[in-house]
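Dear colleague,

I am passing the structure below on to you, and after it I have set out what was found there. Please read the notes with the coordinates open beside you.

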Amino acid sequence: MAELLKQVRIIDPISETDQLADVLIQNGQIIKVAASISEYPPDAQIRNCQQLILGTGLIDLYSHSGEPGYEERETINSLLQAAAHGGFTRINILPDTNPAIDNAAVVTQLQKIAQNISIFDSSFPIPNLNIWGAISQDFAAQQLNEFADFATEVVGFTDAKPLDNLAMVKRVLEYLQPFNKTAAFWACNTQLRGNGIAREGADALRLGLPFIPESAETSAIAALLELVAATETPVHIMRVSTARSIELIAAAKSRGLPVTASTTWMHLLLDTVALKSYNPSLRLDPPLGNNSDMIALRKGVIEGIIDAIAIDHTAYTYEEKTVAFADAPPGAIGYELALSLLWQNLVETGEFTPLQLWRPLSSSPAQCLQQKVSKITPNQPCELVLFDPQQTWTVKQTNLHTLSTNTPWYGQQLKGKVIQTWC
């Protein structure tokens with residue numbers, strides 16, 4: 001059946017479009033985009049989309065799957081359902097499952113699971129699932145996996161954890177050159193991090209939380225950038241969380257180094273002030289930054305120094321997170337919350353334009369992974385999300401498709417809801 005979306009607000013970062021228009025969709029294709037469409041198939045479903053936003057599908061660079069190994073936290077099914085209802089048309093899961101994603105057999109197993117998932121709601125088709133391959137065996141940073149055995153099956157390689165072994169990092173960058181695959185690193189010096197759980201500063205001191213110095217991240221980024229300069233292998237820097245890190249990345253990009261970077265959505269919304277609640281769902285790794293870090297991250301996204309906003313969706317059971325702040329495992333869910341909260345706190349306040357938010361959630365992640373970008377133009381396949389920025393809803397278990405509820409916004413009313421996706 002054809003669909004005619006009347007007077008919808010189109011947000012397309014590739015064409016720099018933010019305008020009202022009619023959009024005709026049929027058989028998974030965008031047929032026509034015009035100020036007004038008067039000719040359309042007789043069986044077309046006509047939809048009044050005033051006050052609604054039609055954007056290119058959201059793409060998440062990295063998040064965690066519970067399956068295989070931790071299905072009580074999250075299954076592939078629940079992960080994909082949650083991503084779809086959050087507006088994501090492509091997701092990329094990290095390899096830290098059990099068993100780890102370190103060979104073609106595990107990749108194939110996960111892809112088959114995703115292909116056999118039933119669509120419970122035709123308005124939310126299952127997103128495309130891509131998979132990161134592990135760099136080292138058992139994530140021990142001692143022995144490299146055989147990249148050639150499954151390079152064609154994965155979107156890139158990462159251990160999704162700090163790699164202190166710089167000699168291994170250098171070998172990774174050298175070995176990956178022939179494969180044309182993204183290498184992603186979480187830059188963190190674990191010796192400087194120690195047992196810290198909060199960013200060093202006045203709030204951590206006042207709250208009595210063991211702190212992590214800024215240099216734990218910045219020294220690791222500086223070392224990684226030197227290796228990139230030496231090897232010229234493209235690298236993605238994950239989970240950037242400090243103002244100084246942005247300065248280092250900006251300088252590297254100005255030198256022409258093949259570097260992209262991402263921060264997570266929660267680091268754009270919250271800072272160390274939020275830790276006064278001691279909510280275990282605010283226990284993150286890297287930790288929330290100080291206010292100056294949050295401001296610098298926002299500016300970095302607007303200026304394109306930070307290419308992408310990752311969700312880093314990390315589900316835990318109620319029992320795992322219902323502990324003291326210092327004992328909680330790091331991470332929070334985010335697929336069904338991120339767009340609503342980012343729009344509400346960054347776009348509606350006037351700090352970001354709609355395009356400045358949509359680009360790092362959509363086209364830029366695709367470019368970081370050397371994937372095709374989606375566009376809202378005629379004769380293009382539909383990879384779209386329809387978003388109502390005014391619809392309110394309450395974050396509770398019956399309204400979520402993820403199996404877990406570890407979020408500091410649980411029980412709160414949010415404004416902004418995804419109402420349909422195409423992919």
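In this predicted model, helix α7 gives the most to the lining of the second largest pocket, contributing four residues. That second largest pocket holds about 240 Å³ of space, and among the 21 residues that line the second largest pocket, those closest to its centre are Leu 163, Asp 164, Leu 166, Cys 188 and Ala 220. Two or more lining residues come from each of α4 (166–176), β10 (182–186) and α7 (215–231), and the lining as a whole divides into 14 nonpolar, four polar and three charged residues.

The largest pocket has a volume of about 530 Å³ and is lined by 28 residues, with His 64, Asp 96, Thr 314, Tyr 316 and Pro 330 lying nearest its centre. Here helix α9 (residues 265–269) gives the most to the lining, with three residues, while the lining of the largest pocket comprises 13 nonpolar, seven polar and eight charged residues.

Turning to the aromatic side chains, the count comes to six aromatic pairs. In one of them, the ring centres of Phe 150 and Phe 157 are 5.4 Å apart and the planes stand at 85°, over the 60 degrees required, so this pair is edge-to-face.

Best regards

Note on methods. Residues are numbered from 1 along each chain as its sequence is written. This is a predicted model: local features need pLDDT of at least 70, side-chain atom pairs count only at pLDDT 80 or more; totals for chains, interfaces and linings use all residues. Side-chain values use heavy atoms; hydrogens and water are left out. Rings of Phe, Tyr and Trp (its six-membered ring) pair if their centres lie within 6.5 Å; planes under 30 degrees apart count as stacked, over 60 as edge-to-face and the rest as tilted. On a 1 Å grid over the protein atoms alone, a cavity is a set of points where a 1.4 Å probe fits but cannot get out, and a pocket is an open set with protein on both sides within 12 Å along at least five of seven lines; lining residues have an atom within 4 Å of a point. Grid points are joined across faces, edges and corners, and a volume is the space filled by probe spheres set on the points. Ala, Val, Leu, Ile, Met, Phe, Trp, Tyr, Cys and Pro count as nonpolar, Asp, Glu, Lys and Arg as charged, and the others, Gly among them, as polar.
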